Amino acid sequence: MEEGVAMLRHLIGQLKHLSESDPSQSPSFILLQHHTNPQPPPRWSFFDIDDNSVDDFCDLVMTAGKSASFSTMDLVKHPSTKKCRRDRSKEKSSKRSSVTEAMEEQIWKDFPEDLFEAVIARLPIATFFRFRSVCRRWNSLLASESFSQHCAQVPQANPWFYTITHEHANSGAMYDPSVKKWYHLTISTLPTKLIVLPMASAGGLVCFLDIGHRNFYVCNPLTQSFKELPARSVKVWSRIGVGMTINGNSYKILWVTCDGEYEIYDSVGKSWSRQGNMPAGIKLPLSLNFRSQAVSIDNKVYFMHSDPEGIVSYDMETGVWTQYMIPGPLHLTDHALAECGGRIMLVGLLSKNAATCVCIWELQKMMLLWKEVDRMPNEWCLDFYGKHVRMTCLGNKGLLMLSLRSRQMNRLVTYNIASREWLKVPACVVPHGRKRQWIAYGTAFHPCLAAVA
């Protein structure tokens, strides 16, 4: 019982934190309905959480656990005596606290069981997995259809990042930017004797491809929902670009080569379909930039190419390819595509003489030009002076994760395109050790408990 109370104490603390960060989406604004009188339409009331209610609620739970029901708390009246102002203030405060406890007792006594799913669906992902140990019902929520519906109604938060490291290529490391914490996991369904790379993502699903470019896999890293896709009709041994889109519960995956061959996998039909080669209007070979992951906006997938510099897109619904010739900024070295709210962005290194800086551009669609909108703080760029810096973009969905490394440096930073905020990422350390791991590859994905491969 004490363990359950401790977990519930943490639950209320999490609800208070969410209430302060975003009241419009907070679980503490979930409405309470009395089911005993469904007609006329029920009256609803709000509850809020203050600093004392965590302990008060847990005390009430302990009382309920002993007596199997809540009992109304009686207010004891003390004999009237003359007291100083401070004592009278304390007494008034104590009475108000007792009344609040009694009110909260009634709220939790009548709390509808079916609303617990709506509350839990709005908790941070890491907190949810801790709460699964409270009881069997909460542990089985991942298989609940109604819980999946509640999860689908929660607006997407910042993406997480799924990465692999040089030291542990067969296991993953996930980074949660909201708490600045790394999680190390092994997806037991992925092949252990092969190195698989996260190539793209959509919703809460990540698309993997083995290093030999033979087999595709789709997985939800949080729930371990997993599927190995059927073999492709075309055997391609060269490097390929991969894009992924999602529409409701179905998803599509596109692979394309520099020579213009491509195929599409549809999760509804559970098969690959070969659409042929690209139309004659697309200049081949594409010279795809494999250091830049594809960007998905609605039903379109965008790839970056060079020689000539530009972008090629494919519409998953209409099957139409489009090519845009867009000259890159001067002195641009490593670079990658990104997106934010439907806008196509570019992140890259500008290197001139001994100076290097990370810059952000936005595509001006009417003029087909890149416009610089931000750059890394100067004091950070000074650390790159005189060094041969390489950059890899590990996530390109609104929140970017950049790996900046040289012989003397290995740094991870995030950049929020909407808020223009640069943050340093804590080192990814081997579990139960101190050795810092080098991030080799990664992609961003939106954590979603309801996503099924």
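The entries below go from the whole chain down to single residues.

**Overall.** I am working from a predicted model, not an experimental one. I counted up the secondary structure first: eight helices and 24 strands. The protein has 453 residues, and 46% of them count as buried. I also checked how far contacts reach along the chain. Taking contacts between residues at least 6 apart in sequence, 54% join residues at least 24 apart.

**Cores.** Next I went looking for nonpolar cores. The largest has 48 residues, and Phe-208, Phe-216, Val-242, Met-244 and Ile-253 have the most contacts inside it. I picked Ile-253 and listed its neighbours, skipping residues up to four places away in sequence. Among them are Phe-216, Val-242 and Met-244, along with Trp-272 and Met-316. Glu-263 is on the list of residues touching Ile-253 too. There is also a second, separate core of 38 residues, which includes Leu-350, Cys-357, Tyr-415 and Ile-417.

**Helix α7.** Which residues of α7 are buried? In this helix, residues 145–153, I found Phe-147, Ser-148, His-150 and Cys-151. Looking down the axis of α7, I see the buried residues fall within an arc of 160°, so they line one face of the helix. Glu-145, Ala-152 and Gln-153 are exposed on the other side of α7. I then asked what covers the buried residues, and the cover includes α4 (115–120) and α5 (125–131).

**A four-stranded sheet.** I traced an open sheet with the order β3-β2-β1-β24 and antiparallel pairing. The edges are β3 and β24 (439–445); each has a single partner strand, so one side of each is left without a neighbour in the sheet. On average, neighbouring strands here are turned by 25° against each other, direction ignored. I took a closer look at β1 (residues 160–165) and β24, which pair over six bridges in the antiparallel sense.

**Thr-186.** Last, I followed the chain into the loop between β3 (181–185) and β4 (196–202), where Thr-186 lies. Is Thr-186 buried or exposed? Its relative accessible area is 53%, and the cut-off for exposed is over 50%, so Thr-186 is exposed. Leaving out residues up to four places away in sequence, Thr-186 touches Ser-171 and Gln-224. I also noted Pro-221, which is 35 residues from Thr-186 in sequence and 8.9 Å away in space, C-alpha to C-alpha.

Note on methods: Residues numbered from 1 in each chain as written. Predicted model: local features only at pLDDT ≥ 70, side-chain atom pairs only at ≥ 80, totals over all residues. Heavy atoms only, no water. Core = buried A, V, L, I, M, F, W, Y, C linked by side-chain atoms within 4.5 Å. Buried < 20%, exposed > 50% of the residue type's maximum accessible area, 1.4 Å probe, protein only. Contact = heavy atoms within 4.5 Å. Helix = DSSP H or I, 4+ residues; strand = E, 2+ residues; numbered from the N terminus. Arc of directions from axis to C-beta. Pairing = 2+ DSSP bridges. Axes fitted to C-alpha atoms, helices over the stretch in contact; angles between N-to-C directions.
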